[in-house]
Amino acid sequence: MPSVSSAYQQSVLNFLTSLGVNHQQIPASLCPTLADSSRVSMEDYITLLNKGANLTGDSLFGFALGKHIQAKDYGVLGYLVESCENLEQAIHALTRFDALVADIGITTVLNGPDNTRIVWSPKCDDCKQMVLRNTTAWVATVYKILGPACKLNAVTFTFLLTQSEQTILQEWFGCKVTGSAETNAIVFPQHLLHIPFTSENKAMFNALLKVTETELKEQVGQESFQLKSKQYEDIKYQVSALLKANPTLKNCNQQRVADALFISSRTLQRKLKRSGTSFQQIVNNERKARVDKILAHHTIADTADLLGFLEQSSFTHAFKRWFSTTPLKYKKRLIDKK
């Protein structure tokens, strides 16, 4: 069943509190305790969003919520985006890993000659507030990253918008906003994909990681992703998933992964040892899984860099241990197979 992290639900409650809404007006079933780390069904999440719209009298409640995106709403996604060099890599990481935080829709990225279109298809019909929140939060984050350089071409929604709602949304998004469209989509110039993230942006994403373990409550659910729940409880799976979702393995060291999971490096090391593995072993497994594709299209030096080696000599040494040959000879065999 589609669901979201409990952090998503808590963010709605926190926003309502900031608006002066008394939680007694909200059903207890929609108000998790801080000790509750369970997933929240998409149905309950939507119910809470709609309740928020009713209590505030704001038909664009999801839009207002999305503009106030909080660090705790990102969870491990903050780690992934912080690792990216530009928006293209960030979008790739988010689309691969988003289901671990919110399994409530399907994201499709379509690249045209000049524009990029991000289409989000929710897994439900009653989706207005949820789509408004997701779309606005995504754009708000990109605004923070790229600043004035971020100019959208269009935003479309599948649900009906009144003239007043359309005017409010167009003023904030800075582009034409259309309701009753075929898809929920954000359209922007393709060149935005390649603008490098600056050091200031890195600082912002580092701030996303400064969330307490209590706020995150990021144990993912049992039935939400059509995978066995034990996988998600297994620290080996969590570390592997983080590495797989990262566009490159540069700077993917044990401390940064521990930070992303909101545990200490020593705790991560201890948990992995109990699981019969180590961080280095998981990294090496991921490096070996990527090496063919990368080495076939890059130099040996670049391959070493993309796989997270600080020096080419270290890569060569590890490569010989893995494949009993040199990277150069292996690369020649890959080219000959084409």
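**Helices, rings and loops**

Mentor: Start with two helices. The axes of H6 and H7 come within 12 Å and cross at roughly 20°. Keep in mind that this is a predicted model.

Trainee: What does that angle make H6 relative to H7, roughly parallel or roughly antiparallel?

Mentor: Roughly parallel. The cut-off is an angle under 35 degrees, and the crossing is at roughly 20°.

Trainee: And which hand does the crossing of H6 and H7 have, left or right?

Mentor: The crossing is left-handed.

Trainee: Why quote both an angle and a distance?

Mentor: Two packed helices are described by the angle between their axes and the distance between the axes.

Trainee: Switching to rings. How many aromatic pairs are there?

Mentor: The count comes to 15 aromatic pairs. One of them is Tyr143 with Trp172, at 5.3 Å centre to centre and with 55° between the planes. That pair is classed as tilted.

Trainee: Which parts of the chain does the pair of Tyr143 and Trp172 tie together?

Mentor: Tyr143 lies in helix H6, residues 128–146, and Trp172 lies in helix H7, residues 163–173. So the pair ties together parts that are 29 residues apart in sequence. Those are the two helices with the left-handed crossing.

Trainee: How accessible are the two residues?

Mentor: Tyr143 has 23% relative accessibility and counts as partly exposed. Trp172 is also partly exposed, with a relative accessible area of 24%.

Trainee: Which residues do ring pairs link into a cluster?

Mentor: Phe309, Phe315, Phe319, Trp322, Phe323 and Tyr330.

Trainee: What lies over the face of Phe309?

Mentor: Arg287, at 3.8 Å from the ring centre. Arg133 has a ring too: its charged end sits over Tyr8, 4.4 Å from the ring centre.

Trainee: Stay with Tyr8. Which side chain has a polar atom 2.6 Å from its backbone oxygen?

Mentor: That of Ser11. Ser11 lies in helix H1, residues 6–18.

Trainee: Is Ser11 buried or exposed?

Mentor: Buried, with a relative accessible area of 5%. The cut-off for buried is under 20%.

Trainee: What about Asn86, buried or exposed?

Mentor: Buried, at a relative accessible area of 13%. Asn86 lies in the loop between helix H4 (77–82) and helix H5 (87–97). A polar atom of its side chain lies 3.2 Å from the backbone nitrogen of Glu88.

Trainee: Now backbone angles. Which residues should I look at?

Mentor: Ser180 and Ser324. Ser180 has a positive phi of about 55° although it is not a glycine. Ser324 has a positive phi of about 55° as well, and it is not a glycine either.

Trainee: Where is Ser180 found?

Mentor: In the loop between strand E7 (176–178) and strand E8 (185–189). Ser180 is partly exposed, at 47% relative accessibility.

Trainee: And where does Ser324 lie?

Mentor: In the loop between helix H16 (312–323) and helix H17 (327–337). Ser324 is exposed, at 68% relative accessibility.

Trainee: Last one. How far apart are Arg117 and Pro189 in sequence and in space?

Mentor: They are 72 residues apart in sequence and 8.9 Å apart in space, C-alpha to C-alpha. Arg117 lies in strand E5, residues 115–122. It is partly exposed, with a relative accessible area of 34%.

Methods:
Residues numbered from 1 in each chain as written. Predicted model: local features only at pLDDT ≥ 70, side-chain atom pairs only at ≥ 80, totals over all residues. Heavy atoms only, no water. Helix = DSSP H or I, 4+ residues; strand = E, 2+ residues; numbered from the N terminus. Buried < 20%, exposed > 50% of the residue type's maximum accessible area, 1.4 Å probe, protein only. Polar contact = N/O pair within 3.5 Å; in protein donor to acceptor, adjacent residues only side chain to side chain. Phe/Tyr/Trp six-rings, centres within 6.5 Å; stacked < 30°, edge-to-face > 60°. Lys NZ or Arg CZ within 6 Å of the ring centre and 35° of its normal. Axes fitted to C-alpha atoms, helices over the stretch in contact; angles between N-to-C directions. Parallel < 35°, antiparallel > 145°, perpendicular 65-115°, else oblique. Left-handed = near helix turned anticlockwise from the far one by under 90°.
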